[in-house]
Amino acid sequence: MSQPITTTEQTFTHDLTATHPLALVDFWAPWCGPCRALGPVVDAFAATHHDALTVAKLNVDENPLTAQRHGVRSIPTLILFRDGEEVARTVGAMPVARLEAWVAEQSAAVNATL
């Protein structure tokens with residue numbers, strides 16, 4: 001079972017492109033209730049989709065410059081990247097089935113296969 005990687009300002013670019021062309025990043029903070037609700041959903045998603053894309057988590061309190069650079073104003077924010085470039089984003093907690101559907105829909109839109 002694979003867990004999301006923890007990414008930082010120093011490793012963000014490398015983490016997004018090192019393994020797969022497609023990456024999902026969860027921008028979160030430990031004090032955020034909806035972030036805590038989404039955490040296990042992202043973990044479950046990573047466990048079942050780690051072969052198809054990189055799943056990472058970025059703590060916005062510890063890495064504010066990266067969150068700011070990507071225009072993250074509300075958390076939790078999930079951003080889908082392809083080759084390091086943002087292709088889609090969503091804000092708020094959701095169940096794993098909705099996350100899977102959202103990623104599949106966005107991936108199809110950029111001709112990625114999940």
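Is Phe12 buried or exposed? A friendly note on this and a few related points follows.

1. To take the opening question directly: Phe12 is buried, its relative accessible area being 3%. Please keep in mind throughout that this is a predicted model. The cut-off for calling a residue buried is under 20% relative accessible area, so the 3% of Phe12 qualifies.

2. Searching the whole structure gives two aromatic pairs. In the pair of Phe12 and Phe27, the ring centres are 6.2 Å apart and the planes meet at 50 degrees, so this pair is tilted. Phe12 belongs to helix α1 (residues 12–17) and Phe27 to strand β2, so the pair ties together parts that are 15 residues apart in sequence. Phe27 is buried as well, with a relative accessibility of 0%.

3. The other pair joins Phe12 to Phe81. Here the ring centres are 5.8 Å apart and the planes stand at 80 degrees, so the pair is edge-to-face. Since Phe12 sits in helix α1 and Phe81 in strand β4, this pair ties together parts that are 69 residues apart in sequence. Both Phe12 and Phe81 are buried. Taken together, Phe12, Phe27 and Phe81 make up one aromatic cluster.

4. Phe81 leads on to the strands. β4 and β5 run antiparallel and are joined by six bridges. Within this pairing, Phe81 stands opposite Glu86 of β5. The two strands form a hairpin with two residues between them, and Asp83 in the turn has a positive phi of about 50 degrees.

5. Next comes helix α4, residues 96–109. With 14 residues, α4 reaches 20 Å from its first C-alpha to its last, close to the 20 Å expected at 1.5 Å a residue. Its buried residues are Leu99, Trp102, Val103, Gln106 and Ser107. Viewed down the axis of α4, these buried residues fall within an arc of 125 degrees, so they line one face of the helix.

6. What do the buried residues of α4 pack against? Their partners are β2 (22–28), α2 (33–49), β4 (77–82) and β5 (85–91).

7. Gln106 of helix α4 deserves a word of its own. Its relative accessibility is 16%, so Gln106 counts as buried. Leaving aside residues up to four places away in sequence, Gln106 touches Leu80 and Ala88.

8. Finally, a look at Asp51, in the loop between α2 and β3 (54–59). Asp51 is exposed, with a relative accessible area of 65%. Its side chain makes a polar contact with the side chain of His50, at 3.1 Å. Leu80, a residue that Gln106 touches, is 29 residues from Asp51 along the chain, and the C-alpha atoms of Asp51 and Leu80 are separated by 16 Å.

Key
Residues numbered from 1 in each chain as written. Predicted model: local features only at pLDDT ≥ 70, side-chain atom pairs only at ≥ 80, totals over all residues. Heavy atoms only, no water. Helix = DSSP H or I, 4+ residues; strand = E, 2+ residues; numbered from the N terminus. Expected span 1.5 Å × (residues − 1). Buried < 20%, exposed > 50% of the residue type's maximum accessible area, 1.4 Å probe, protein only. Arc of directions from axis to C-beta. Contact = heavy atoms within 4.5 Å. Phe/Tyr/Trp six-rings, centres within 6.5 Å; stacked < 30°, edge-to-face > 60°. Pairing = 2+ DSSP bridges. Polar contact = N/O pair within 3.5 Å; in protein donor to acceptor, adjacent residues only side chain to side chain.
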